[in-house]
Amino acid sequence: RQSAFQFKQAMEICRNTEGRAYAVKRFNAYGQLAALECLDPLKVTPLEEETTGEIWYCVSDGKGGMEYLHNWYVLEFFHASTNGVSGVRVMDVLAGTVQYGEEVKRFSLENLKNVSNAIVMQFPTTFDKPRRERAVKETLDIYRQNGGKIIALDAGVTASMLGGSAIEAAAFDVDGVTRRRVATVLTLPPHILGDYGDVTSATIEGQNLELLTMTMTPIVQQWIEQLDYKMLTPQERREGWEYRFDMEAYLRADGKTMAAIGQSQIRCGLRTPNELRAKDHLAPKPGGDVLLVSKDLAPGELVAK
(Lines give C-alpha, C1' and ligand atoms only; values in the text may rest on other atoms or scores of the structure.)
Protein backbone atom coordinates (compact mmCIF):
# COMPACT_ATOMS: atom_id res chain seq x y z
CA ARG A 1 0.00 0.00 0.00
CA GLN A 2 3.06 2.28 0.13
CA SER A 3 5.60 3.36 -2.43
CA ALA A 4 9.26 2.72 -1.68
CA PHE A 5 9.72 6.40 -0.82
CA GLN A 6 6.75 6.44 1.58
CA PHE A 7 7.99 3.27 3.27
CA LYS A 8 11.51 4.59 3.84
CA GLN A 9 10.18 7.99 4.94
CA ALA A 10 7.87 6.39 7.52
CA MET A 11 10.71 4.24 8.82
CA GLU A 12 13.08 7.19 9.13
CA ILE A 13 10.50 9.35 10.91
CA CYS A 14 9.94 6.59 13.47
CA ARG A 15 13.69 6.17 13.90
CA ASN A 16 14.29 9.91 14.31
CA THR A 17 11.50 10.47 16.85
CA GLU A 18 11.03 7.27 18.84
CA GLY A 19 14.65 6.17 18.33
CA ARG A 20 13.63 2.87 16.71
CA ALA A 21 11.84 1.68 13.60
CA TYR A 22 10.53 -1.78 12.72
CA ALA A 23 9.30 -3.44 9.54
CA VAL A 24 7.92 -6.97 9.51
CA LYS A 25 8.31 -9.36 6.58
CA ARG A 26 5.01 -10.78 5.36
CA PHE A 27 4.87 -13.96 3.27
CA ASN A 28 2.21 -15.31 0.95
CA ALA A 29 0.69 -18.79 0.92
CA TYR A 30 3.64 -20.08 -1.14
CA GLY A 31 6.24 -18.94 1.39
CA GLN A 32 7.37 -16.07 -0.82
CA LEU A 33 8.13 -12.63 0.61
CA ALA A 34 5.12 -10.52 -0.35
CA ALA A 35 5.41 -7.26 1.62
CA LEU A 36 7.29 -5.21 4.18
CA GLU A 37 4.99 -3.68 6.76
CA CYS A 38 6.10 -0.63 8.76
CA LEU A 39 5.14 -1.06 12.42
CA ASP A 40 4.24 1.54 15.03
CA PRO A 41 7.27 1.38 17.39
CA LEU A 42 5.06 2.27 20.36
CA LYS A 43 3.24 -1.04 19.85
CA VAL A 44 6.43 -3.14 19.63
CA THR A 45 8.13 -4.61 22.71
CA PRO A 46 11.45 -6.49 22.31
CA LEU A 47 11.83 -9.64 24.38
CA GLU A 48 14.92 -11.78 25.01
CA GLU A 49 14.57 -15.57 25.15
CA GLU A 50 16.25 -16.69 28.38
CA THR A 51 17.95 -19.88 27.20
CA THR A 52 19.09 -18.94 23.68
CA GLY A 53 19.36 -15.17 24.01
CA GLU A 54 17.42 -14.72 20.77
CA ILE A 55 15.26 -11.63 20.35
CA TRP A 56 11.51 -11.79 19.80
CA TYR A 57 9.11 -8.92 19.29
CA CYS A 58 5.67 -8.65 20.85
CA VAL A 59 3.50 -6.59 18.52
CA SER A 60 0.18 -5.24 19.79
CA ASP A 61 -2.68 -4.58 17.39
CA GLY A 62 -4.16 -1.94 19.72
CA LYS A 63 -7.24 -4.08 20.41
CA GLY A 64 -5.82 -6.50 22.96
CA GLY A 65 -4.33 -8.91 20.42
CA MET A 66 -0.65 -9.86 20.44
CA GLU A 67 1.66 -11.19 17.74
CA TYR A 68 5.08 -12.64 18.56
CA LEU A 69 7.71 -12.38 15.82
CA HIS A 70 11.24 -13.75 15.73
CA ASN A 71 14.06 -11.31 15.08
CA TRP A 72 14.67 -12.73 11.59
CA TYR A 73 11.19 -11.63 10.50
CA VAL A 74 11.67 -8.03 11.64
CA LEU A 75 13.92 -5.34 10.19
CA GLU A 76 15.09 -3.05 12.99
CA PHE A 77 16.71 0.36 12.77
CA PHE A 78 17.92 2.47 15.70
CA HIS A 79 18.87 6.08 16.10
CA ALA A 80 21.20 4.95 18.87
CA SER A 81 21.22 1.88 21.07
CA THR A 82 23.17 0.82 24.14
CA ASN A 83 22.35 -2.89 23.85
CA GLY A 84 21.36 -3.48 20.23
CA VAL A 85 17.82 -4.38 21.30
CA SER A 86 16.13 -1.16 22.36
CA GLY A 87 16.69 2.32 20.95
CA VAL A 88 17.26 5.64 22.66
CA ARG A 89 14.15 7.79 22.22
CA VAL A 90 15.18 11.00 20.49
CA MET A 91 12.29 13.05 21.87
CA ASP A 92 13.37 12.18 25.42
CA VAL A 93 16.89 13.40 24.69
CA LEU A 94 15.51 16.66 23.27
CA ALA A 95 12.92 17.16 26.01
CA GLY A 96 15.21 19.49 27.94
CA THR A 97 15.86 21.57 24.83
CA VAL A 98 12.15 21.97 24.13
CA GLN A 99 11.44 22.84 27.76
CA TYR A 100 14.29 25.37 27.74
CA GLY A 101 12.84 27.10 24.68
CA GLU A 102 9.36 27.25 26.20
CA GLU A 103 10.65 28.68 29.50
CA VAL A 104 12.64 31.43 27.80
CA LYS A 105 9.67 32.38 25.62
CA ARG A 106 7.41 32.48 28.68
CA PHE A 107 9.98 34.62 30.49
CA SER A 108 10.08 37.03 27.55
CA LEU A 109 6.30 37.35 27.40
CA GLU A 110 6.06 38.04 31.13
CA ASN A 111 8.68 40.75 30.87
CA LEU A 112 7.03 42.16 27.77
CA LYS A 113 3.95 43.02 29.83
CA ASN A 114 6.05 45.36 31.98
CA VAL A 115 7.84 47.07 29.12
CA SER A 116 6.42 50.16 27.43
CA ASN A 117 7.66 53.29 25.73
CA ALA A 118 7.56 56.55 27.67
CA ILE A 119 7.44 60.20 26.56
CA VAL A 120 9.95 62.41 28.37
CA MET A 121 8.93 66.11 28.35
CA GLN A 122 11.32 68.87 29.31
CA PHE A 123 9.76 72.19 30.42
CA PRO A 124 11.35 75.61 30.81
CA THR A 125 11.90 76.72 34.40
CA THR A 126 9.25 79.41 33.93
CA PHE A 127 6.47 76.77 33.82
CA ASP A 128 4.76 76.43 37.17
CA LYS A 129 3.18 73.15 38.33
CA PRO A 130 -0.42 73.82 37.13
CA ARG A 131 0.82 74.83 33.69
CA ARG A 132 3.05 71.75 33.41
CA GLU A 133 0.18 69.43 34.40
CA ARG A 134 -2.14 71.11 31.87
CA ALA A 135 0.49 70.82 29.14
CA VAL A 136 1.05 67.10 29.89
CA LYS A 137 -2.72 66.41 29.81
CA GLU A 138 -3.26 68.25 26.55
CA THR A 139 -0.23 66.61 24.94
CA LEU A 140 -1.32 63.08 25.94
CA ASP A 141 -4.90 63.69 24.78
CA ILE A 142 -3.72 64.71 21.33
CA TYR A 143 -1.24 61.81 21.29
CA ARG A 144 -4.01 59.26 22.00
CA GLN A 145 -6.49 60.81 19.56
CA ASN A 146 -4.18 60.45 16.56
CA GLY A 147 -2.98 56.94 17.42
CA GLY A 148 0.38 57.89 18.87
CA LYS A 149 1.69 59.63 15.75
CA ILE A 150 1.66 63.35 16.64
CA ILE A 151 2.64 65.26 19.78
CA ALA A 152 1.65 68.93 20.17
CA LEU A 153 4.07 70.91 22.36
CA ASP A 154 4.01 74.42 23.74
CA ALA A 155 6.76 76.83 22.84
CA GLY A 156 9.95 76.01 24.70
CA VAL A 157 8.88 72.41 25.50
CA THR A 158 10.89 69.47 24.14
CA ALA A 159 10.03 65.77 24.12
CA SER A 160 11.89 62.48 23.60
CA MET A 161 10.98 58.78 23.66
CA LEU A 162 12.28 56.38 26.29
CA GLY A 163 12.06 52.78 25.10
CA GLY A 164 12.56 49.41 26.78
CA SER A 165 13.24 45.83 25.77
CA ALA A 166 11.68 42.66 27.19
CA ILE A 167 14.87 40.63 26.89
CA GLU A 168 18.27 41.02 25.33
CA ALA A 169 18.15 39.07 22.06
CA ALA A 170 21.88 38.42 22.00
CA ALA A 171 21.77 36.90 25.49
CA PHE A 172 18.99 34.44 24.72
CA ASP A 173 19.24 33.19 21.19
CA VAL A 174 16.66 30.51 21.87
CA ASP A 175 16.13 29.61 18.26
CA GLY A 176 19.84 29.20 17.58
CA VAL A 177 20.45 27.13 20.71
CA THR A 178 17.52 24.85 19.87
CA ARG A 179 18.70 24.33 16.31
CA ARG A 180 22.23 23.46 17.41
CA ARG A 181 21.05 21.00 20.05
CA VAL A 182 18.69 19.25 17.62
CA ALA A 183 21.50 19.08 15.05
CA THR A 184 23.82 17.53 17.63
CA VAL A 185 21.33 14.83 18.64
CA LEU A 186 20.43 13.96 15.05
CA THR A 187 24.10 14.20 13.89
CA LEU A 188 23.14 16.85 11.34
CA PRO A 189 25.29 19.74 10.14
CA PRO A 190 23.65 22.82 11.76
CA HIS A 191 23.24 24.56 8.40
CA ILE A 192 20.67 21.91 7.41
CA LEU A 193 18.41 23.39 10.12
CA GLY A 194 19.09 26.97 9.06
CA ASP A 195 21.92 27.75 11.51
CA TYR A 196 24.76 29.15 9.39
CA GLY A 197 26.86 30.47 12.27
CA ASP A 198 29.50 27.72 12.07
CA VAL A 199 29.40 26.73 8.40
CA THR A 200 32.75 25.15 7.55
CA SER A 201 32.24 24.98 3.78
CA ALA A 202 31.52 27.98 1.59
CA THR A 203 30.01 25.99 -1.27
CA ILE A 204 26.77 24.04 -1.56
CA GLU A 205 28.73 21.04 -2.81
CA GLY A 206 30.93 21.09 0.28
CA GLN A 207 27.90 21.33 2.56
CA ASN A 208 26.27 18.40 0.76
CA LEU A 209 29.45 16.36 1.21
CA GLU A 210 29.41 17.20 4.93
CA LEU A 211 25.81 15.97 5.20
CA LEU A 212 26.68 12.82 3.27
CA THR A 213 29.65 12.03 5.52
CA MET A 214 28.19 12.96 8.91
CA THR A 215 24.59 11.89 8.56
CA MET A 216 23.66 9.86 5.50
CA THR A 217 26.51 7.33 5.35
CA PRO A 218 25.96 5.86 8.87
CA ILE A 219 22.22 5.61 8.23
CA VAL A 220 22.71 3.95 4.85
CA GLN A 221 25.21 1.50 6.34
CA GLN A 222 22.63 0.43 8.91
CA TRP A 223 20.06 -0.14 6.14
CA ILE A 224 22.53 -2.15 4.06
CA GLU A 225 23.46 -4.47 6.91
CA GLN A 226 19.84 -5.12 7.88
CA LEU A 227 18.79 -5.76 4.28
CA ASP A 228 21.75 -8.04 3.56
CA TYR A 229 21.16 -10.11 6.69
CA LYS A 230 17.36 -10.37 6.66
CA MET A 231 16.30 -9.91 3.04
CA LEU A 232 18.79 -12.33 1.46
CA THR A 233 19.03 -16.07 2.01
CA PRO A 234 22.36 -17.62 3.03
CA GLN A 235 22.62 -19.09 -0.47
CA GLU A 236 22.13 -15.67 -2.08
CA ARG A 237 24.82 -14.18 0.14
CA ARG A 238 27.24 -17.00 -0.80
CA GLU A 239 26.55 -16.24 -4.46
CA GLY A 240 27.63 -12.64 -3.87
CA TRP A 241 24.27 -10.86 -3.81
CA GLU A 242 24.18 -7.70 -1.73
CA TYR A 243 22.27 -4.45 -1.34
CA ARG A 244 23.82 -1.15 -2.33
CA PHE A 245 22.71 2.47 -2.20
CA ASP A 246 23.87 4.77 -4.97
CA MET A 247 25.47 7.50 -2.85
CA GLU A 248 27.11 9.05 -5.90
CA ALA A 249 23.68 10.18 -7.08
CA TYR A 250 23.55 12.63 -4.17
CA LEU A 251 26.77 14.31 -5.33
CA ARG A 252 25.82 14.67 -8.98
CA ALA A 253 24.90 18.29 -8.37
CA ASP A 254 28.64 19.00 -8.37
CA GLY A 255 29.03 18.67 -12.14
CA LYS A 256 32.68 19.70 -12.22
CA THR A 257 33.74 17.01 -9.74
CA MET A 258 31.64 14.30 -11.38
CA ALA A 259 33.08 15.16 -14.81
CA ALA A 260 36.63 14.89 -13.45
CA ILE A 261 35.86 11.52 -11.85
CA GLY A 262 34.33 10.20 -15.06
CA GLN A 263 37.30 11.32 -17.12
CA SER A 264 39.79 9.67 -14.78
CA GLN A 265 37.80 6.42 -14.76
CA ILE A 266 37.83 6.28 -18.57
CA ARG A 267 41.52 7.18 -18.82
CA CYS A 268 42.48 4.45 -16.33
CA GLY A 269 40.37 1.79 -18.02
CA LEU A 270 38.10 1.48 -14.99
CA ARG A 271 34.88 2.08 -16.93
CA THR A 272 33.84 2.25 -20.55
CA PRO A 273 32.31 5.39 -22.07
CA ASN A 274 28.97 3.62 -22.44
CA GLU A 275 28.94 2.69 -18.74
CA LEU A 276 29.30 6.34 -17.83
CA ARG A 277 26.68 7.30 -20.40
CA ALA A 278 24.28 4.81 -18.82
CA LYS A 279 24.76 6.50 -15.42
CA ASP A 280 23.61 9.77 -17.01
CA HIS A 281 20.66 8.00 -18.70
CA LEU A 282 22.15 8.43 -22.17
CA ALA A 283 21.93 5.92 -25.01
CA PRO A 284 25.08 3.87 -25.78
CA LYS A 285 27.31 4.76 -28.69
CA PRO A 286 29.03 2.37 -31.17
CA GLY A 287 32.52 1.48 -29.93
CA GLY A 288 31.74 2.75 -26.46
CA ASP A 289 31.97 -0.66 -24.80
CA VAL A 290 35.78 -0.87 -25.12
CA LEU A 291 38.00 -0.12 -22.14
CA LEU A 292 40.46 2.67 -22.91
CA VAL A 293 43.90 3.28 -21.45
CA SER A 294 45.82 6.54 -21.69
CA LYS A 295 49.23 6.17 -23.32
CA ASP A 296 50.95 8.32 -20.72
CA LEU A 297 49.99 5.68 -18.12
CA ALA A 298 51.64 2.72 -19.87
CA PRO A 299 53.84 0.35 -17.80
CA GLY A 300 57.50 1.37 -17.47
CA GLU A 301 58.75 -1.88 -19.03
CA LEU A 302 56.67 -1.29 -22.14
CA VAL A 303 57.97 2.28 -22.52
CA ALA A 304 61.57 0.99 -22.24
CA LYS A 305 61.02 -1.50 -25.03
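Buried means under 20% relative accessible area, exposed over 50% and partly exposed in between, computed with a 1.4 Å probe on protein chains only. The views below come from a predicted model, in which local features need pLDDT of at least 70 and side-chain atom pairs count only at pLDDT 80 or more, while totals for chains, interfaces and linings use all residues. Residues are numbered from 1 along each chain as its sequence is written, and side-chain values use heavy atoms, with hydrogens and water left out.

View A. W72 is partly exposed at 34%, and the charged end of K25 sits over its ring, 3.1 Å from the centre (the criterion is NZ of Lys or CZ of Arg within 6 Å of the ring centre and within 35 degrees of the ring normal).

**View B. The largest nonpolar core.** A nonpolar core is a set of buried Ala, Val, Leu, Ile, Met, Phe, Trp, Tyr and Cys residues joined through side-chain atoms within 4.5 Å. The largest has 12 residues, including M11, C38, L75 and I219, and α1 (4-17), β1, β6 and α6 (204-230) each supply at least two of its residues. Apart from it lies another core, of 11 residues, among them Y22, V44, Y57 and F78. F7, F77 and W223, which belong to the largest core, are linked into a cluster by ring pairs. Leaving out residues up to four places away in sequence, C38 touches Q2, F7, A10, M11, Y22 and A23, where contact means heavy atoms within 4.5 Å.

**View C. The β4-β5 hairpin and I55.** Strand β4 (residues 55-60) runs antiparallel to β5 and is joined to it by 5 bridges; two strands pair if DSSP finds at least two bridges between them. The two strands form a hairpin with 5 residues between them, and G62 in the turn has a positive phi of about 80°, while S60 stands opposite M66 in β5. I55, found in β4, counts as buried at 15% relative accessibility. The C-alpha atoms of I55 and H70 are 6.5 Å apart in space, although the two residues are 15 apart in sequence.

**View D. Positive phi in two loops.** Most residues other than glycine have a negative phi. T187, in the loop between α5 (174-185) and α6, has a positive phi near 50° and is partly exposed at 40%. H281, placed in the loop between α9 (273-279) and α10 (300-304), has a positive phi of about 60° and is exposed at 72%.

How values were computed: Phe/Tyr/Trp six-rings, centres within 6.5 Å; stacked < 30°, edge-to-face > 60°. Helix = DSSP H or I, 4+ residues; strand = E, 2+ residues; numbered from the N terminus.
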